[in-house]
Amino acid sequence: FLPQVDSTNAGRVLASDAAVFLKKSGLTDLVLGKIWDLADTDGKGILNKQEFFVALRLVACAQNGLDVSLSSLNLPVPPPRFTDTSSPLLLSGTASSDLPWAVKLEDKVKYDAIFDSLNPVNGLLSGDKVKPVLLNSKLPVDILGRVWELSDIDRDGMLDRDEFAVAMFLVYCALEKEPVPMSLPAALVPPSKRKPLSVPGAMPLIPSSTKESHQSLPPVGILAAKTPLTQ
């Protein structure tokens with residue numbers, strides 16, 4: 001992986017290059033920020049070869065449902081998976097478009113009924129409309145934040161019918177004491193969302209302080225109890 005992000009062959013990786021590459025792991029910005037903080041030990045915004053391998057290892061841990069922490073580095077995990085249609089090296093083994101959707105048809109009918117009852121506008125529900133449904137589950141706010149982040153697949157701050165079904169699926173899993181994954185499994189991505197998303201321009205640098213990124217992420221703003229719904 002290193003030659004793809006070390007364009008100058010200097011044995012180090014800049015935050016901007018690493019951010020674009022790590023984004024292909026499918027993990028959320030919140031998780032990637034944590035991975036960067038753990039790997040960039042001296043906080044200089046540059047990873048040497050060893051630190052970059054630590055970042056890759058943490059990506060693999062997160063993709064397999066393990067905690068993103070240095071203690072997970074010694075656990076056996078398969079190699080990290082990255083999606084990039086231009087590079088055969090990075091393609092996952094199974095074409096995700098061939099996987100059956102994890103949301104069963106009979107459950108989808110129930111989720112659609114809830115979706116319609118919330119008065120969607122142009123087939124979309126805003127965070128304010130989804131928030132009471134999520135909070136009603138009595139799940140911890142940090143879990144609900146992750147549910148929102150995983151289900152808002154196109155990152156537009158709204159949920160369409162399929163994204164809402166993903167959110168409901170994850171909530172019910174959490175209520176059954178199943179852990180909410182750190183990244184959305186390929187089988188949970190709705191068939192309508194399985195075409196490659198084009199991201200205009202380069203993504204911003206992963207901040208060295210994740211406190212700021214926590215505050216700016218949509219889930220926290222949407223789920224913070226002190227945010228009045230009227231806003």
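Of the 231 residues in the protein chain, 41% are buried, where buried means under 20% relative accessible area with a 1.4 Å probe, exposed means over 50%, partly exposed lies in between, and protein chains only are considered. This is a predicted model, in which local features need pLDDT of at least 70 and side-chain atom pairs count only at pLDDT 80 or more, while totals for chains, interfaces and linings use all residues. Residues are numbered from 1 along each chain as its sequence is written, and side-chain values use heavy atoms, with hydrogens and water left out.

Let me turn to the fold. The protein chain has 10 helices and 4 strands, taken as DSSP runs numbered from the N terminus (helices: H or I, at least four residues; strands: E, at least two). Along the sequence their order is α-β-α-α-β-α-α-β-α-α-β-α-α-α.

Next, the interior. A nonpolar core is here a set of buried Ala, Val, Leu, Ile, Met, Phe, Trp, Tyr and Cys residues joined through side-chain atoms within 4.5 Å. The largest such core holds 29 residues, and Val103, Leu134, Val147, Phe164, Leu170, Leu184 and Leu188 touch the most other members. Two or more residues each come from α5 (105-117), α6 (127-135), α7 (141-151) and α8 (161-175). The largest share, 10 residues, is that of α8.

What does leucine 188 touch, leaving aside residues up to four places away in sequence? Its partners are Trp101, Ala102, Val103, Val166, Phe169 and Leu170, a contact being heavy atoms within 4.5 Å. A second, separate core of 23 residues includes Phe21, Phe52, Leu56 and Val68.

Finally, among contacts between residues at least 6 apart in sequence, 62% join residues at least 24 apart.
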